[in-house]
Number of protein chains: 2
Amino acid sequence: MKIKVLKDILGANEQIAAKNRELLDKNKVFAVNIMASPGAGKTSVVLQTIRALKDKVRIGVIEGDIASSIDAETVAKEGVPVVQINTGGECHLEANQLESALNNLPLADIDLLLIENVGNLVCPAEFNLGEHRKVLIASVPEGDDKPFKYPLMFNTVDALILNKIDLLPYVKFNVNAFTKTVKNINSRVEIFKVSCTSGEGIKAWAKWLTAQMKQR
Amino acid sequence: MKIKVLKDILGANEQIAAKNRELLDKNKVFAVNIMASPGAGKTSVVLQTIRALKDKVRIGVIEGDIASSIDAETVAKEGVPVVQINTGGECHLEANQLESALNNLPLADIDLLLIENVGNLVCPAEFNLGEHRKVLIASVPEGDDKPFKYPLMFNTVDALILNKIDLLPYVKFNVNAFTKTVKNINSRVEIFKVSCTSGEGIKAWAKWLTAQMKQR
């Protein structure tokens, strides 16, 4: 029964995700679904990405959270269009929530849409939204064992940002072991070592992102 | 429909949770449900708690993860009975999983049962397991805004361990603002500032825990 229900939900979600993708493509919007644990630095990466690219591409942002609009307010200060989705308890974004958010954004004026999912390493990996790329942000203080514990998330993404590398001197984290584990789970993933505090690694990430936009 | 399904699941869960509680009480086992984001330090707190208390109380551990048995293997080295639950995709523990795990533990030889939930700040808060206390571990590098974003989790717990305080010099985190926000959401919660790396704060936490065991 429970599995049946989940299948129905996922099936309906896929249909709406396909519609979202159509709408995005029609408007030439490239959408990135950004996932991570709570506090890994999703909003910081969004802010750094806006600052790195806003002179070249027109950016829009969707902020997903269970409650509050803190992140949307922070992002709005950068002068880009932003919509906050409050899931009201749900631990992930679903395609119908993206659909509503897209209706509230000036899609014709957006080239790159950054979608910040709810902070969670589990369920967001199961729900396609219609995005063009999926990105995971892992952070150094979380520890290098996370790929073993959340394999679906690490397997499902096109890029992985390892954030907070400025904290490497203060915590136990083996970057080589982490990278090797990730590549064993997902050989196609691009890995970027980043510090949103110092800005290190943002250029390489932004360069990859703009290249992906051209490939769609 | 979806809400109906969730209600059914939660209703069935409550019944099994009540049975678990009965079994725990019959065996004089005091159970603590430990919840946190991925990488906040659940296993480190479990290890520190074992080391602080194992000469005074007999401890058992249940490790919940989607996949892998790394944490159970780490804990087993401390010489305490441990059972690993792999949820196989589910983002939280449910009472029936605790039920199975309890059947695989020598309950007559355990005074304190530490249950490490799946790393997630959302769904674990919705599912009672039959535990006597709920504890949340937040960690400094996650940032001080988490109570706004995950209010149910911060509201539902009896104690909050703020872990990784050794990283306070290196990240932006306002301890006073965080504490105030938490207390606004949950006025009864006990807050402990801890570093599992240095051992700071573990004594106060262990003291509270043993006092709770006496009150049940």
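Which residues touch the most other members of the largest nonpolar core? This is a predicted model, in which local features need pLDDT of at least 70, side-chain atom pairs count only at pLDDT 80 or more, and totals for chains, interfaces and linings use all residues. Side-chain values use heavy atoms, without hydrogens and water.

**View 1. The largest nonpolar core, seen around I62(B).** Among the 63 residues of this core, I62(B) and L113(B) touch the most other members. A nonpolar core is a set of buried Ala, Val, Leu, Ile, Met, Phe, Trp, Tyr and Cys residues joined through side-chain atoms within 4.5 Å, where buried means under 20% relative accessible area, exposed over 50% and partly exposed in between (1.4 Å probe, protein chains only). Leaving aside neighbours within four places in sequence, I62(B) has contacts (heavy atoms within 4.5 Å) that include V83(B), I85(B), L98(B) and L113(B).

**View 2. Helix 2 and helix 8 of chain B.** The axes of helix 2 (residues 42-53) and helix 8 (residues 202-215) of chain B, which are lines fitted to C-alpha atoms over the stretch in contact, with angles running from 0 to 180 degrees between N-to-C directions, come within 10 Å and cross at roughly 75 degrees. Helix 2 of chain B is therefore roughly perpendicular to helix 8 of chain B, a term that covers angles of 65 to 115 degrees. Helices here are DSSP runs of H or I with at least four residues, numbered from the N terminus.

**View 3. R216(B), in the segment after helix 8 of chain B.** Although R216(B) is not a glycine, its phi is positive, at about 55 degrees. R216(B) is partly exposed, with a relative accessible area of 32%.

Note on methods
Residues are numbered from 1 along each chain as its sequence is written. Chains are lettered from A and ligands numbered from 1 in the order in which they are written. Helices (H or I, at least four residues) and strands (E, at least two) are DSSP runs, numbered from the N terminus. Angles under 35 degrees count as roughly parallel, over 145 as roughly antiparallel, 65 to 115 as roughly perpendicular and the rest as oblique.
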